Amino acid sequence: MSKSIKIALAGNPNSGKTTLFNALTGSEQYVGNWPGVTVEKKDGILSGHKDVVIQDLPGIYSLSPYSIEEKVSRRFLVEEGPDAILNIVDGTNIERNLYFSTQLAELGLPMVMAVNMMDVVKKNGDKIDFEKIAKALRCEVVGISALKNEGGMEAAEKVVEMAKKAVVEKGPGKLPDVPHVFSGSVEHAIAHIEESIQGKVPLRSIRWYAIKVFERDREIIKKLEIGVGEMKHIEEHIRDCEKELGDDAESIITSQRYDFIKRLMDKSLALNEKRKDKATLSDKIDKFVTHRIFALPIFILSLCVMWFLAVAEHGPGTVLTDWANDGFLADGWHLPFTTHECRAEGKYKGMEFEDAQGEFAKQDASKSAWEEAYLEKINEGKSDDDKVEEMPEEIDEKVAATIVAKGVFVEDEETGEPIAKEDNEDEPDLWDVDFAAYKEASEWEEPDPSQFGVWVPGLGALITDALDKAGVSDTVKSLVVDGAWGGVATVLGFVPVIFIVFIFLAFLEDCGYMARVAFIMDRLLRRFGLSGKSFIPMLIGKGCGVPAVMAARAIENERARRMTVILATFVPCGAKTVIIAMFAALFFREQWYVAALMDVIGIAIIILGGIALKKTRFFAGEASSFVLELPAYHMPTVSGVWHHTWNRLKGYVLKAGLIIFPACVVLWFVMHFDWSLNLLADEEIEKSILHDLGSWIAWMFEPLGFGSWQGAAASVSAEIAKEQATATLGLVAANMDGATTGSHIQALFASVSDFPKLAALSFMVFNLFVPPCMVAIAVTFREMGSQKWGWFAVGFQLFVGYVLALSVYRIGVLVAGGGFGIWTALAFALDAFCLWAIFRPGKKVEC
Amino acid sequence: MLKGEVEMNVSSLVVLVVIGIFFALAVWRVAKKGAPCECGGSRKACSRKGGCSCCDCCED
């Protein structure tokens, strides 16, 4: 097997490396237009070249060993040694990008410089002389547009050609032609150092090593094992330069590099005269969007718009979710524009479908109420064993004539759906049902939807029908319909909400606004001694907590990095969005802003939690610097937005099949069997394993307002994957008789609290802000570097989630007139502790 | 509805086997490639190497 050629893709952060990497390799790596997205090297095979491996390195500004990204890139470029370098530079900021390019050129490897964003450069009317840059840096220069997939492959093929040629012609031992960018005395000192270290390093990169020794790079000096006498001699040369130029060695190198680049730019870059000193459209937008006062409200407004579209009543998200939950994934739906009044002869003639459903529900309620009263009457004075539990086929007319039952029918306030009387007895609509009314009610059959328009059966109905036709037993049918399908459908039903959130975020990312958000947050966080660098992982965390925790690697300061890992997952991720969507739909239909509030609470926790942590001796210290280049605003491409959205959505749908499905099957078993593995009837669910497991820990959730076994089971199962909380609630509700899954979840909260909305809010807050799912926790432990810190992170997140849920419920109940109790006192005490932790004087610790 | 012994017939057994196969496939896929995440990648790579597809390569 022939040896593969390794091409390193290197450049500044946010210069388009990953976009080019994806284009060259056909990969679908996550791309973001803020720095720190790539924190580890990624490999991919160059399309059409099986023997060429492209290696995408984290974006860095120099080959200094400060941040983890710089260390990863430097180690790979210097020690592992690729065969060639494809240096991607941002053409709209070429002067700044060339600082890193000069260092890469010193490595002595074949290099092609791909000047990216040439479409923007051309549009701006600027001109770059590639030949002059190529001559000065001793490399090939090619113009490309990674986003538009123009020129990238040509650049890659050129670098492959150079790599192959270098392997054949040069070999690693030949002194390469590298640019000399420093003044005479510095070059003289570097030449002396090169002599001293000859034989210790590969000849091709001897100049790079010599410059690092000149800069007194400790890591390199230690690695080269330079003798004391030799180092003393080298030091003399360095000190002579420092004395002559009046600066320290590292600064001399930096400033002379910039001088070289400035000279090079003077002769190779011609900026459009008309554009000079003229504010661009991006500048004009930024004046408003990054304004000191308006910036934060604009950001919050954008979140509100996103959540309004996703969960507001009659909004696209809600309409589509209702269709998915009640129609496509459940019983079925009428094709739009085909609905009509019932034309068939019978009781429903002339009615709309919804009216017919309502009428049937009312008649059914009359029938149930009368049957209940009848059974009560005929069972009077009988022992439990003799009692009749089901309606006999023949009714005793004499007894029946004496019965006048109370019909009860309540419409759900939020959804308008009928609720069985046991679920809501607050203000029931009562009427008399005598024997004649019962007989009349018994004649009503469930309305046939196909008589009201073109009816498309839903997947749930199709599955149920298929199982019925196959003669599958009730037990297995329940496993499939209520267990496996029920749980998966509950999660999939929220795909429209997730889709809207993801597409909105993708648009904001791709147009360049999210980079501004990092800038805005940096300005805000810096006031509290935090860095905007910590906010980048949190932006990534809106999609998924795992890469968010990973992205904290870009933070060089260990304390700040640990703090970021702890705080990153407080931003509700895609999976948590499902919990928000479900509770917004069931409890806060008219208060869509509750959903947006969850994001705002997440950001507030990050800021306040960060302030509190910074005041402890473990996290005290100055905020690390944050370099952020704001990309120009541009209209995102449809394919780009779709790519971002689909990649995230795909993971969500896959998770429903791979995680939620098996979890629901297991949950169905523990919900339908007792400890002796006897199959249970629906009404015997209180003997089930799940009931017992939930009941054992339900006391922990009692103070939070959802201390039922169902609430406990849902909260604990959410650690598998956050959306499992909704699937578990759906599964538990599927076991209950009556109207809809949604109304039973509402009833569930109503059964454990006098303030079901507050209990639901508390459940939502708890599940959003306690530790994330198991995988994210595992990554947190690894990134924290020790068990101790891992447990600290989980403990902190658990404390925050619990205190927040306790405060929301107990103080909410107090405000709603529910009285003051011991838990209210505890909530106030814990809140006071949190406020003390935030506002107390901080520790001053040297970092 | 459900009570006592599980009623079984051929159709029910077939459905149970199908569910069992899907269950086993899902568990096998997660064990082999890891749980998917909302960035479209696989989390097995995270636990093995330190990142999922948005922050590390899971293709190599």
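User: Among contacts in chain A between residues at least 6 apart in sequence, what share joins residues at least 24 apart?

Analyst: The model is predicted. Chain A has 35 helices and 13 strands, and 49% of its 847 residues count as buried. For contacts between residues at least 6 apart in sequence, the share that joins residues at least 24 apart is 71%.

User: Are helix 7 and helix 10 of chain A roughly parallel or roughly antiparallel to each other?

Analyst: Helix 7 (residues 184-197) and helix 10 (residues 228-245) of chain A pack with their axes 9 Å apart, at an angle of about 170°. Angles over 145 degrees count as roughly antiparallel. The two helices of chain A are therefore roughly antiparallel.

User: By class, which residues make up the contact of helix 7 with helix 10 of chain A?

Analyst: Helix 7 of chain A contributes residues including A:Ala189, A:His192 and A:Ile193, while helix 10 of chain A contributes, among others, A:Ile234, A:His237 and A:Asp240. By class, this contact has six nonpolar, four polar and three charged residues.

User: What span should helix 13 of chain A have at 1.5 Å a residue?

Analyst: Helix 13 of chain A runs over residues 295-311, which makes 17 residues.

User: How are the buried residues of helix 13 of chain A placed around the axis, on the same side or on opposite sides?

Analyst: The buried residues of helix 13 of chain A are A:Ala295, A:Phe299, A:Leu303, A:Met306, A:Trp307, A:Ala310 and A:Val311. They cover an arc of only 125° around the axis, so they lie on the same side of helix 13 of chain A. On the other side, A:Pro297, A:Leu301 and A:Val305 are exposed. What covers the buried residues includes helices 12, 14, 20, 21, 25 and 26 of chain A. The placement asked for is thus the same side.

User: Is A:Gly143 buried or exposed?

Analyst: A:Gly143 is found in strand 7 (residues 140-143) of chain A. Not counting residues up to four places away in sequence, A:Gly143 touches A:Val115, A:Met118, A:Phe130 and A:Gly151. The cut-off for burial is 20 or more other C-beta atoms within 10 Å. A:Gly143 has 20 and is therefore buried.

User: What does A:Tyr258 count as, given its C-beta neighbours inside 10 Å?

Analyst: A:Tyr258 has its place in helix 11 (residues 249-268) of chain A. Its C-alpha atom is separated by 9.8 Å from that of A:Thr102, 156 residues apart along the chain. With 16 C-beta neighbours inside 10 Å, A:Tyr258 counts as partly exposed.

Definitions and conventions:
Residues are numbered from 1 along each chain as its sequence is written. Chains are lettered from A and ligands numbered from 1 in the order in which they are written. This is a predicted model: local features need pLDDT of at least 70, side-chain atom pairs count only at pLDDT 80 or more; totals for chains, interfaces and linings use all residues. Axes are lines fitted to C-alpha atoms, for helices over the stretch in contact, and angles run from 0 to 180 degrees between N-to-C directions. Helices (H or I, at least four residues) and strands (E, at least two) are DSSP runs, numbered from the N terminus. Angles under 35 degrees count as roughly parallel, over 145 as roughly antiparallel, 65 to 115 as roughly perpendicular and the rest as oblique. Two residues are in contact if their C-beta atoms, placed from the backbone, lie within 7 Å. Ala, Val, Leu, Ile, Met, Phe, Trp, Tyr, Cys and Pro count as nonpolar, Asp, Glu, Lys and Arg as charged, and the others, Gly among them, as polar. The expected span of a helix is 1.5 Å times one less than its number of residues. A residue is buried if 20 or more other C-beta atoms lie within 10 Å of its own, exposed if 12 or fewer, and partly exposed in between; C-beta atoms are placed from the backbone. The arc is that of the directions from the helix axis to the C-beta atoms.
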